[in-house]
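Let's look at how two parts of one protein chain meet. Have the structure open as you read.

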Amino acid sequence: MYAMTIPRPGGPEALVWAEVPDPVAGDGEVVVDVAATAVNRADLLQRQGFYDPPPGAPIYPGLECSGRIAAVGPGVTGWAVGDEVCALLAGGGYAQKVAVPFGQLLPVPKGVDMVSAAALPEVTSTVWSNVFMVAHLRPGETLLVHGGSSGIGTMAVQLGKAVGATVAVTAGSADKLAACRDLGAEVLINYREQDFAEMVSADVILDIMGAKYLDRNVDALAVNGRLVVIGLQGGVKGELNLGKLLTKRAAIAATSLRPRPLAEKAAIVAAVREHVWPLIEAGNVRPVIDRTLPIQDAAEAHRLVEGSGHVGKVLLTF
Ligand SMILES: NC(=O)c1ccc[n+]([C@@H]2O[C@H](COP(=O)([O-])OP(=O)(O)OC[C@H]3O[C@@H](n4cnc5c(N)ncnc54)[C@H](OP(=O)(O)O)[C@@H]3O)[C@@H](O)[C@H]2O)c1
């Protein structure tokens, strides 16, 4: 098969389309013939040499895919050759075939085409596991989503809205804020011009900025608020005022999906199938896709995402 390899870390030109060995379906795995994958910010870090795949994971980038099952390994139940699926991956989506632990498979939801389904596994799993399984967002609460127009953000806005929360977002332009409003966000904050901590009191904050926003995130938390950090785009080391946290009886969590044990990922994917798939199939939540490019144009896709020229997901097709 062919895959987008990274012979030497570097800029987008470091991605090289090359012939590589086919994967085999190990114990508890299926092999998927990949129809599409999606660009995640983590792929940019892997390409630059800052984010190696966890041990045992496919070495090519790509944290999600859609496609058809081509082979089923021993110990797999509930899935068969020919099934149309999408999958959460620890790597390997930028390849014509990928081996996937069967607990990380999801059916292509009704009403979503096979290619578009590649936009779903990473964002639904990340948002559901953090906003709902960790931070327990409830109807009537306020959710603040930083980077509301990102792949993650566009799903967080929709899921927050779908469960009856008021959703606030930050984004860097009027166009991106308008896209968030169209998805259901009610409080629109341009982070280049406004201070979110003065504009919202949030029960739950989904943060992608880390250190840079830590103090102001604590300011923006309501009493009993929950801050979940999933991205460190603004640095890893910040100063935390525990006095403010204590007064608000607030909590901070930080998680990373990719290195989690298989059983934890399977539990998250099962929860996504139970809670998020019905919302998608009812048309209340949809994949937000900025554009779709052929896998051979992965470098162009990386430039686009690096420059934040997109809203939602950028897909790569095979
Ligand atoms: N921990 C996990 O398990 C996990 C899983 C998936 C993703 N993530 C993280 O989640 C984040 C989003 O991922 P993605 O793939 O959806 O990325 P993406 O689409 O490339 O989005 C990055 C976003 O960052 C926003 N941003 C940049 N500076 C900002 C600032 N000062 N304030 C608010 N927003 C700002 C950009 O908004 P503008 O364009 O408006 O500037 C853009 O929407 C990344 O940090 C990624 O590493 C974590």
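Start with the polar side of things: between domain 1 and domain 2 there are 5 residue pairs in polar contact, with both partners at pLDDT 80 or more. That pLDDT value is there since this is a predicted model. Salt bridges are another matter, with a count of 0 between domain 1 and domain 2.

Which elements give two or more residues to the side of domain 1 that touches domain 2? They are helix 7 (262-275) and helix 8 (277-281). Helix 7 makes the largest contribution to this side, 6 residues. Here is how the residues on that side of domain 1 sort out by kind:

| Kind of residue | Residues on the side of domain 1 that touches domain 2 |
|---|---|
| nonpolar | 14 residues |
| polar | 5 residues |

Now step back to the domains themselves. In the domain assignment, domain 1 is made of two stretches of the protein chain, 2-120 and 258-317, while domain 2 covers 124-254. Going by C-alpha atoms, the centres of the two domains lie 26 Å apart.

How much do the domains cover up where they meet? The size of an interface is often given as the accessible area lost when the parts come together. For domain 1 and domain 2 that buried area is about 1600 Å², and 68% of it is on carbon and sulfur atoms. On the domain 1 side, the residues that lose the most area to domain 2 are I268, V285 and V311, which together account for 24% of what that side buries. As for contacts, 22 residues of domain 1 meet 17 residues of domain 2.

Technical notes: Residues numbered from 1 in each chain as written. Predicted model: local features only at pLDDT ≥ 70, side-chain atom pairs only at ≥ 80, totals over all residues. Heavy atoms only, no water. Domains from an automatic or database assignment. Contact = heavy atoms within 4.5 Å. Buried area = accessible area lost by both parts, 1.4 Å probe. Salt bridge = Lys/Arg side-chain N within 4 Å of Asp/Glu carboxyl O. Polar contact = N/O pair within 3.5 Å; in protein donor to acceptor, adjacent residues only side chain to side chain. Helix = DSSP H or I, 4+ residues; strand = E, 2+ residues; numbered from the N terminus. Nonpolar A, V, L, I, M, F, W, Y, C, P; charged D, E, K, R; others polar.
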